[in-house]
Amino acid sequence: MIFNQVFRREFSQTALMALLVLVAILFTVTVVKLLGLAAGGELSGDAVAAMVGFGILTYLPVIMSASVFTAVLMTLTRAYRDSEMIIWLASGVSLTRFLIPVMAFAIPMALIVSLMSVVISPWATGQKAIYQKRLDSQDDTSQITPGVFRESKQSDQVFFVDSINTNKKDVSNVFVQSIQENKVGVIAAEKGFVTTKANGDRFVVLQKGRRYEGKPGTANYNLVDFDEAQLRIQEKAAGQTSLSVKSMPITQLMTKPTLEQWSEFNWRIGLPISLIILCIFAIPLSYINTRAGRSANMVFALLAYMVYYNTMGIGQSWIVQGKVSPWVGIWPIHLGFFLVAFFMLIKRQWLWSVKRLFIKRQTNN
């Protein structure tokens with residue numbers, strides 16, 4: 001009981017720290033990318049928080065799998081480094097005995113990962129697509145950023161405002177360039193606001209401004225000063241958002257599945273299975289020689305992790321291309337890596353048994 005509790009507690013603590021670090025890295029990278037889009041006027045500032053949340057939930061199953069694998073690997077490596085593992089092994093605990101606390105920790109984590117990969121991640125992917133579609137259907141004025149030139153979706157108008165009031169309706173120092181019938185029109189106004197008529201039409205009302213209109217390359221330009229001018233906002237109707245394969249619920253995914261849907265099904269089911277196999281891998285990979293370098297096992301562990309998931313990705317592509325039967329899927333990949341992990345575990349146990357026998361003989365002599 002002490003043996004199991006000690007390692008399970010350390011597994012949990014290390015996994016939590018690794019998860020927080022990986023989520024923080026993903027959060028930082030995503031926020032920087034989205035803030036860059038918002039600063040360039042390609043994304044509304046109000047949408048950054050929602051897009052970050054959906055993005056993290058989408059990748060959370062993979063991040064959690066990496067955290068659990070890292071926790072098992074680092075905990076056992078720490079036990080080797082502090083000679084704690086030698087004490088356990090010398091007291092009669094075999095290396096295969098470590099499968100009990102490792103699996104007691106990995107199986108519940110695999111169930112959580114399966115819930116995330118089957119339910120939460122597809123839901124987040126679908127919500128992100130719906131939210132993005134809603135943003136794309138908004139009119140151009142809703143995405144104007146102060147101090148940034150913003151081109152309309154039809155590429156026939158360019159907007160610029162110097163500042164926006166706290167109510168986000170009144171703007172000052174407005175610049176609008178439009179192209180109509182091969183004529184370029186430029187409007188500069190001191191201030192403006194958005195209003196909605198009784199029939200639902202929306203207009204941008206500009207006040208105290210001047211309009212220049214003419215054909216480029218000629219000197220024939222019209223100049224008009226105005227106290228108030230109205231520009232109608234062309235609104236884009238929101239169309240139907242078709243579900244992508246990655247956002248389909250598992251029930252819909254397996255209703256008359258296509259090759260692409262079979263591929264996605266294999267990936268979702270394969271994530272928790274790969275987590276368990278990687279935890280078995282972590283037991284032999286955690287071995288380090290305290291008299292030699294202490295980072296070689298981490299390099300091999302990272303390599304094993306990357307090869308495993310890249311191979312799963314290749315298997316997905318083969319299913320879509322019809323090179324592999326959907327019923328076979330990527331199960332041979334899981335079986336192959338499981339056999340390699342089990343072989344490495346038995347080999348490490350055999351090497352320790354031989355070493356222990358050699359030490360015992362020398363002691364008797």
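View 1. At 70% relative accessibility, Trp 327 counts as exposed, because the cut-off for exposed is over 50%. This is a predicted model. Trp 262, in contrast, is buried, with a relative accessible area of 12%. The rings of Trp 262 and Trp 327 form a tilted aromatic pair. Their centres lie 5.0 Å apart, with 55° between the planes. Trp 262 belongs to helix 6 (residues 259–285). Trp 327 sits in the loop between helix 7 (296–321) and helix 8 (331–364). The pair therefore ties together parts that are 65 residues apart in sequence.

**View 2. Phe 54 and Trp 123 meet edge-to-face.** The structure holds 14 aromatic pairs. In the pair of Phe 54 and Trp 123, the ring centres are 6.2 Å apart and the planes stand at 75°, so the pair is edge-to-face. Phe 54 lies in helix 2 (residues 48–81), and Trp 123 in helix 4 (residues 99–137). The pair thus ties together parts that are 69 residues apart in sequence. Phe 54 counts as buried at 15% relative accessibility. Trp 123 is partly exposed, at 46% relative accessible area.

**View 3. Seven residues build one aromatic cluster.** The members are Phe 69, Trp 267, Phe 281, Tyr 305, Tyr 308, Tyr 309 and Phe 337.

**View 4. A charge sits over the ring of Tyr 287.** The charged end belongs to Arg 348. It is 3.9 Å from the centre of the Tyr 287 ring.

**View 5. Helix 6 is kinked at Gly 270.** The kink is about 35°. It comes shortly before the proline Pro 272.

**View 6. The largest nonpolar core has 54 residues.** Val 72, Leu 76, Phe 98 and Cys 279 have the most contacts inside this core. Helix 1 (2–39), helix 2, helix 3 (84–90), helix 4, helix 6, helix 7 and helix 8 each supply at least two of the core residues. Helix 6 gives the largest share, twelve residues.

**View 7. Val 72 has its own set of contacts.** Residues up to four places away in sequence are not counted here.

Technical notes: Residues are numbered from 1 along each chain as its sequence is written. This is a predicted model: local features need pLDDT of at least 70, side-chain atom pairs count only at pLDDT 80 or more; totals for chains, interfaces and linings use all residues. Side-chain values use heavy atoms; hydrogens and water are left out. Rings of Phe, Tyr and Trp (its six-membered ring) pair if their centres lie within 6.5 Å; planes under 30 degrees apart count as stacked, over 60 as edge-to-face and the rest as tilted. Helices (H or I, at least four residues) and strands (E, at least two) are DSSP runs, numbered from the N terminus. Buried means under 20% relative accessible area, exposed over 50%, partly exposed in between (1.4 Å probe, protein chains only). A charge sits over a ring if NZ of Lys or CZ of Arg is within 6 Å of the ring centre and within 35 degrees of the ring normal. The bend at a residue is the angle between axes fitted to the seven residues ending there and the seven starting there. A nonpolar core is a set of buried Ala, Val, Leu, Ile, Met, Phe, Trp, Tyr and Cys residues joined through side-chain atoms within 4.5 Å. Contact means heavy atoms within 4.5 Å.
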